[in-house]
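Here is a short note for a colleague opening this model for the first time. Please read it with the structure on screen.

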Amino acid sequence: MKKLILLLLCAVSSFSLATTQASGGSNLRDSIFRIYRSMPADTARTQFLKDIFVHNIDKDWSAELLDSALASAISMKDVESELALRYEYFRYYTFRLDGENMDKALALLKEVCYRSKIYDNYFSALHYMLQLKGSRGDTESAILESQKMCEEAIRLKDSRGIFLSYVTEGKAYVFARNY
């Protein structure tokens, strides 16, 4: 039943969003929040805002969607949604190449991942952060940090983190032109 309601709301909202998109960003944002408030307070509501955020990551107001979705996920104690939303914050700042806030978002993501013992999003974000560092010429640091990433993933017994650490280290060597 929840899936049917979500599907119906998404269909109606996509039509509503398409018509308001032409009239400006604030109308679109207001329409999204009107739809959000009309939905039942459950995980579908959080997922709705996350999905809309993904499609509007380039808009300045899209962080408001994450803020509301995160508040909802935390109040429902929905750890999986909180993890996904923390990762979206990291993506938001990565999209804007905002290094300072990327670091802060990564630290918050790490904290939530360690608390929940689910590390996929943390190692993915760390991988992207180290890739950026290597692409900007700080290859020695990227190599050292990728090796630390591997040690951390081994300690946590996270095979995906181990894999990503090797990929990260390899890319750092490529950026250093050390084949």
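**Notes on side-chain pairs**

1. Six aromatic pairs turn up in a search of the whole structure. Here rings of Phe, Tyr and Trp (its six-membered ring) pair if their centres lie within 6.5 Å; planes under 30 degrees apart are stacked, over 60 edge-to-face, and the rest tilted. One of the pairs is Phe 53 with Tyr 92, which is tilted, at 6.1 Å centre to centre and 50° between the planes. This pair links distant parts of the chain: Phe 53 lies in helix H3 (residues 43-55) and Tyr 92 in helix H5 (residues 79-95), 39 residues apart. Helices (H or I, at least four residues) are DSSP runs, numbered from the N terminus.

2. A word on the basis of these values. This is a predicted model, in which local features need pLDDT of at least 70 and side-chain atom pairs count only at pLDDT 80 or more, while totals for chains, interfaces and linings use all residues. Residues are numbered from 1 along each chain as its sequence is written, and side-chain values use heavy atoms, with hydrogens and water left out.

3. Are Phe 53 and Tyr 92 buried or exposed? Both Phe 53 and Tyr 92 are buried. Buried means under 20% relative accessible area, exposed over 50%, and partly exposed in between (1.4 Å probe, protein chains only).

4. Now look at Tyr 114 and Tyr 119. Their ring centres are 5.5 Å apart and their planes stand at 75°, so this pair is edge-to-face. Tyr 114 is partly exposed, because its relative accessibility is 26%. Tyr 119 has a relative accessible area of 11%, so Tyr 119 is buried.

5. Glu 82 is buried, because its relative accessibility is 8%. Arg 115 is exposed, with a relative accessible area of 51%.

6. Another salt bridge joins Lys 104 and Glu 100, at 3.4 Å from N to O. Lys 104 and Glu 100 sit four residues apart in helix H6, so about one helical turn separates them. Lys 104 counts as partly exposed, at 45% relative accessibility. Glu 100 is exposed, with 55% relative accessible area.

7. Lys 110 is partly exposed, at 33% relative accessibility. Glu 152 has a relative accessible area of 11%, so Glu 152 is buried.

8. Last, Ser 81. This residue is found in helix H5. Ser 81 is buried, because its relative accessible area is 15%. Leaving aside residues up to four places away in sequence, Ser 81 touches Thr 46 and Ala 73; contact means heavy atoms within 4.5 Å.

How values were computed:
Helix = DSSP H or I, 4+ residues; strand = E, 2+ residues; numbered from the N terminus. Salt bridge = Lys/Arg side-chain N within 4 Å of Asp/Glu carboxyl O.
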